[in-house]
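Please find below a colleague's note on the model under discussion. The points run from the chain as a whole to the packing of individual elements.

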Amino acid sequence: MNSRVGIVAAVVVAVVVAAVVVVRQAGGRDDVPTAGATLAARTTPTPSVVSSPTPSSPVPSPTASSPTRTAAVDSTKAMLAAKLRIVAQNPLYRVGRLPASRCKEPAIRPTSVANVRKYYAAYILCLDKVWKPVVEKAGFTFESPRLDIFTGKTRTACDVQDSAAYCGNGVISMNATFDIDNYRKYNKLWARTTMAHLVAHEYGHHIQHLAGISDASATRTAYANGVDAPLLESRRIELQASCLSGAYLGADRSFFPVSGSWRERWLWTISHRGDEWGTQRDHGSAKNHSRWTRRGFDAGSPAACNTFTASAASLA
């Protein structure tokens, strides 16, 4: 794996969440209770009790079984159940097969910053063409993401310097230096398949944002116990974004086209992105990244990308 996609996720204030999803690419890397996750209902602190003016009749402190504490726990459980419905039963999964954009791979090669910008701008127009009617069919409001092209010396809108990022405010950031170096120094076809996969992956995060999946997942992460549960939630988000990337290419496979040597190199690319090249298990193994991306490609539908009802083993 030669790059890493990562996220900067989630600031949660009480139960109102403003999520910023960031997918990081570091050198050497770049995909009822929820299966595999442990969610804990956080309770509000017991309020202080004002002393009674009559010493002989003290006001008892609320106990763990008090109505106040019970109501807080029930409220948290209800909130988390609602978040689970958003991620696991989202209307996005019922839109059917994606329409083909009928777009070909952009003919622009990443030989300059200007060319990288032109490539991604053209690609995003094609992604918009497919996802706009799908998002609206699912009952959500569509908004095209803003493209931010940066170099290794310029910080992105997400305040990171890695090769690709999605910001929760609707910005897709792509590192032109990363793409230009890959194209000049390494396999040119690999550089192209990497660009095609990554921008569609970041766009997948944008779809999660529009469908409310990102915010709901950020809340679930905030209430997850231990270390493993938050990492599993991160893998659900990341592998779903790669699956949505594959679904777009699968729907457009005849027009792009995804065939011959391009397809072979793309299959190699998606099978060489995973946590084996990172520092923590937040994106999924190369095997599962490839499996979920190909699953989206084969189905050409978001229905194949419901990682929130999948087993923890399939998301390792």
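**Note on the predicted model**

1. The chain exposes about 13700 Å², of which carbon and sulfur atoms supply 55%. The model is a predicted one. Of the 316 residues in the chain, 52% are buried.

2. The secondary structure consists of eight helices and five strands. Along the sequence these elements follow the pattern β-β-α-α-β-β-β-α-α-α-α-α-α.

3. An open sheet is formed by three strands in the order β3-β5-β4, with mixed pairing. Its edge strands, β3 (146-150) and β4 (164-167), each pair on one side only. From one strand to the next, the twist averages 20°.

4. Strands β4 and β5 (residues 171-175) run antiparallel and are joined by four bridges. Tyr-166 has Ile-172 of β5 as its bridge partner.

5. Helix α3 lies across β3 and β5, at about 40° to β5. Helix α4 (residues 188-210) also packs on the sheet, where it touches β4 and β5, and its direction makes about 15° with that of β4.

6. Helix α3 (residues 176-185) also meets helix α2 (residues 113-137): their axes come within 9 Å and cross at roughly 105°. Because angles of 65 to 115 degrees count as roughly perpendicular, α2 is roughly perpendicular to α3. Val-113, Val-116 and Tyr-120 of α2 make the contact with Ala-176, Asp-179 and Ile-180 of α3. By class, the residues of this contact comprise five nonpolar, no polar and one charged.

Terms used: Residues are numbered from 1 along each chain as its sequence is written. This is a predicted model: local features need pLDDT of at least 70, side-chain atom pairs count only at pLDDT 80 or more; totals for chains, interfaces and linings use all residues. Side-chain values use heavy atoms; hydrogens and water are left out. Axes are lines fitted to C-alpha atoms, for helices over the stretch in contact, and angles run from 0 to 180 degrees between N-to-C directions. Helices (H or I, at least four residues) and strands (E, at least two) are DSSP runs, numbered from the N terminus. Angles under 35 degrees count as roughly parallel, over 145 as roughly antiparallel, 65 to 115 as roughly perpendicular and the rest as oblique. Contact means heavy atoms within 4.5 Å. Ala, Val, Leu, Ile, Met, Phe, Trp, Tyr, Cys and Pro count as nonpolar, Asp, Glu, Lys and Arg as charged, and the others, Gly among them, as polar. Buried means under 20% relative accessible area, exposed over 50%, partly exposed in between (1.4 Å probe, protein chains only). Accessible areas come from the Shrake-Rupley method with a 1.4 Å probe; for residues, only the protein chains shown count as cover. Two strands pair if DSSP finds at least two bridges between them.
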